[in-house]
Amino acid sequence: MANVVVVGAQWGDEGKGKIVDWLSERADVIARFQGGHNAGHTLVIDGVTYKLSLLPSGIVREGKLSVIGNGVVLDPWALMAEIERLAELGVSVTPENLMIAENTPLILPIHGELDRAREIQNSLAKIGTTGRGIGPAYEDKVGRRVVRVADLADAPTLDLRLDRLMTHHNALRSGLGLGPIDREALKAQLLEIAPKVLPFAAPVWKHLTEARRAGRRILFEGAQGALLDVDFGTYPFVTSSNTTAGMAASGTGLGPTAIDFVLGIVKAYTTRVGEGPFPTELFDEDGTRLGERGHEFGTVTGRKRRCGWFDAVLVRQTCATSGVSGIALTKLDVLDGFEELKICTGYELDGQPYDYLPTAADLQGRIKPVYETHEGWQESTAGARSWADLPAAAIKYVRRIEELIQCPVALLSTSPERDDTILVTDPFAD
Ligand code: IMP
């Protein structure tokens, strides 16, 4: 049986929600492996809109097991709030359909506070984070002082963790002008939430190994996008986890041989939220038009997304760093009605050509895109369900993208509706 990883191949917001939902209908287990409630996935099922941040998309479907892997950073209060919101929509989340890895690090209120304080005070080094405490929680994980899910059941270990956290954070906080942590209040908050979280705790690696052996299909659901990867993204304007596909293995406890297909989600143009380099960003009417037609506002923070032309260099690079087997191209219909479309095929800097995005921050900030221009199409592609429904110029645009990124289109999504999808290669096919 095939196991599939879905990752964003740009800066996030590529339209993963619909594709993951489409695939999760055919999967048995849906696992999140990185990020936290900085993600925002919108699902529309039978006319009901579900907005998920932390829970895997499979949670809204009956008979599926959803899993939060150890690569995620988990805010237990955000989790409970999301579970309550789903309950209001008639979705019940129980240990029968949700499992959380015991070794998952927790995001505490002090992490969010630190994240926001840094963003406000450090105007020169502003990242434009979601302010959810993602970065500070990952810092504590690698600093070996984070509270993990299993610690909630073990008071002496919890005390030890809190002591280490106090030493580190109080020094940081005093530098940022924040008062010291109220250790007892924090401990009381944790002890209060513990009995709500612990019933979901499990050795996820073991359950997934057994599921795999039993031939069950696992869908690994990535959050954010490959250009926000802490190693391969536009550092330091990145998130604090690995968003590339390899993380699916280490973020759940399965080895890399468990992954049979990597589906990269790619938007037919480019967007990004937050600060950082963006070579094909548009500041003109075309950019405004992409933003308006594409409804480019953040699901989590409501921020306006920056918009630009399709950057084939970046997507070729992310297809390589994630080992993408095929892409799902989304939002092609947003390009309907443009006279001309541009695709970035390379870069240029100080007279030097580049066929990849260099690593140095200075170069990333100054690099200039080299474009080729394509004829647009005036017909609507929205809702197309076969290649025959697409205008010739749109097919040419898609084919040129495939050629430039050196990766085939497996799926083409032509509207937010799940059935408006052209399937070329089934990622779950054996
Ligand atoms: P953080 O993940 O909150 O630390 O934010 C770091 C960077 O990642 C910022 O530029 C955010 O805008 C961006 N980011 C985080 N989550 C998402 C997402 O789900 N979609 C798009 N951008 C995101």
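How many salt bridges does the rule find across the interface of domain 1 and domain 2? The rule, a side-chain nitrogen of Lys or Arg within 4 Å of a carboxyl oxygen of Asp or Glu, finds 0 there.

This is a predicted model, in which local features need pLDDT of at least 70 and side-chain atom pairs count only at pLDDT 80 or more, while totals for chains, interfaces and linings use all residues. Residues are numbered from 1 along each chain as its sequence is written, and side-chain values use heavy atoms, with hydrogens and water left out.

**View 1. Domains of the protein.** An automatic or database domain assignment gives domain 1 (4–104 + 199–258), domain 2 (109–197) and domain 3 (266–423). Between domain 1 and domain 2, the contact (heavy atoms within 4.5 Å) takes 27 residues from domain 1 and 21 residues from domain 2.

**View 2. Interface of domain 1 and domain 2.** About 1900 Å² is buried between domain 1 and domain 2, with 69% from carbon and sulfur atoms; buried area is the accessible area (1.4 Å probe) that two parts lose on being put together, summed over both. Polar contact links 6 residue pairs, both at pLDDT 80 or more. Such a contact is a pair of N or O atoms within 3.5 Å; within protein, one must be able to donate a hydrogen and the other to accept it, and residues adjacent in sequence count only if both atoms are side-chain atoms.

**View 3. Surroundings of the ligand.** The ligand is surrounded by 15 residues, the closest being Asn38, Gly128, Thr130, Thr239 and Arg303, where a residue counts if one of its heavy atoms lies within 4 Å. A polar side-chain atom of Thr239 is 2.6 Å from a ligand oxygen atom.
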